[in-house]
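This briefing goes through one protein model, topic by topic. Please keep the sequence and the coordinates open while reading.

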Amino acid sequence: GNAIYRAVYSSKSRVPSTITSSAHTISGGTISNITIGTTVSALVGKLNEGQYVKVYNGNTEVSGSAEIGTGMVVKIMDGTTVKASVTVVVTGDTNGDGKITVTDMLAVKAHVLQKSTMTGTTAQAADTSGDNAISITDFIQLKAHILGKSNVEPRNTPAAPAQLLSSASTEPATQSAPNTPAATVMTANYTVIYAQLPSKKTVLV
């Protein structure tokens, strides 16, 4: 009896408390450098602690051939106890469906035009250029990917600040001199650059 108890206790005590990988970047509570179309089984297979890992989309566990999407959570579970947890960031996938579509492109456009604001892992996923900014560059890269002209490459993503771009009423842009094509908003560790052009719609269509 004691031998069995010791074996069970020893096994449970060896459940790791960190998630590590040589293929993906784990930093600031996120896991990134994930290619669009990566499946749950493929991701788990690249984690050193894969045998202990479960992946959740909200409260629902996902597995096998399901595609990894931004906002999913990778957890190490010890019974009902969460030993470690990181949130997925898939570059270009802003809505968490594991794909790059027109929906993602339009979300970036709305952010650049300050019609809506991306935050957290959604904002990280939108930074396709990897320059810690959400700008027209990212919009163009998403559009090119959708049209099959180029592919969005997976990026290593730093921890996102609470908010990348506030509305003009709460955090106005630092206005540049007349005829200067861009203005800059500084928020936490990110610089968001948006175009000051005569007709933004002609650029972002």
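This is a predicted model: local features need pLDDT of at least 70, side-chain atom pairs count only at pLDDT 80 or more; totals for chains, interfaces and linings use all residues.

Does Gly-69 count as buried or exposed? At 0% relative accessibility, Gly-69 counts as buried.

**Overall composition**

- The protein chain has 205 residues, of which 40% count as buried.
- Its secondary structure comes to six helices and eight strands.
- Along the sequence these elements follow the pattern α-β-β-α-β-β-β-β-α-α-α-β-β-α.
- Among contacts in the protein chain with a separation of 6 or more, 58% are accounted for by residues 24 or more positions apart.

**Strand β5 and its partners**

- Strand β5 covers residues 73-78, and five of its six residues are buried, so the strand is largely enclosed by the rest of the structure.
- Strand β3 (residues 53-57) runs antiparallel to β5, and four bridges join the two.
- Within this pairing, Lys-54 has Lys-75 in β5 as its bridge partner.
- Strand β6 (residues 81-90) also pairs with β5 in the antiparallel sense, over six bridges.
- Asp-78 stands opposite Thr-81 in β6.
- β5 and β6 form a hairpin that leaves two residues between the strands.
- Gly-79 sits in the turn of this hairpin and has a positive phi of about 70°.

**The loop between β4 and β5**

- Gly-69 lies in the loop between β4 and β5.
- Leaving aside neighbours within four places in sequence, Gly-69 is in contact with Val-88, Val-90, Asp-93, Gly-96 and Gly-98.
- Thr-39 is 30 residues from Gly-69 in sequence, and the C-alpha to C-alpha distance between them is 9.1 Å.
- A search of the whole structure finds one salt bridge.
- That salt bridge joins the side chains of Glu-67 and Lys-99, at 3.0 Å from N to O.
- The pair links distant parts of the chain, 32 residues apart: Glu-67 is in the loop between β4 (60-62) and β5, and Lys-99 is in the loop between β6 and α3.
- Glu-67 counts as partly exposed because its relative accessibility is 29%.
- Lys-99 is partly exposed too, with a relative accessible area of 40%.

- Val-102, Leu-106 and Ile-146 form a nonpolar patch on the surface.
- Together these three residues have about 220 Å² of accessible area.
- Val-102 belongs to helix α3, which spans residues 102-112.
- With a relative accessibility of 42%, Val-102 counts as partly exposed.

**Leu-113 and the loop between α3 and α4**

- Leu-113 has its place in the loop between α3 and α4.
- The relative accessible area of Leu-113 is 17%, so this residue is buried; the cut-off for buried is under 20%.
- Leu-113 and Ile-136 are 23 residues apart in sequence and 9.6 Å apart in space, C-alpha to C-alpha.

- Helix α5 covers residues 136-146, and its buried residues are Ile-136, Asp-138, Phe-139, Leu-142, Ala-144 and His-145.
- Ser-129 is found in the loop between α4 (120-126) and α5.
- Ser-129 counts as buried because its relative accessibility is 17%.
- Which side chain makes a polar contact with the side chain of Ser-129? The partner is the side chain of Asp-131, at 2.9 Å.
- Not counting residues up to four places away in sequence, Ser-129 touches Thr-137, Asp-138, Gln-141 and Arg-155.
- One of these, Asp-138, is also listed among the buried residues of α5.

Note on methods. Residues are numbered from 1 along each chain as its sequence is written. Side-chain values use heavy atoms; hydrogens and water are left out. Buried means under 20% relative accessible area, exposed over 50%, partly exposed in between (1.4 Å probe, protein chains only). Two strands pair if DSSP finds at least two bridges between them. A polar contact is a pair of N or O atoms within 3.5 Å; within protein, one must be able to donate a hydrogen and the other to accept it, and residues adjacent in sequence count only if both atoms are side-chain atoms. Contact means heavy atoms within 4.5 Å. Patches are made of residues with over 30% relative accessible area and no salt bridge: like charges are joined within 9 Å, nonpolar side chains (Val, Leu, Ile, Met, Phe, Trp, Tyr) within 5 Å. Accessible areas come from the Shrake-Rupley method with a 1.4 Å probe; for residues, only the protein chains shown count as cover. A salt bridge is a side-chain nitrogen of Lys or Arg within 4 Å of a carboxyl oxygen of Asp or Glu.
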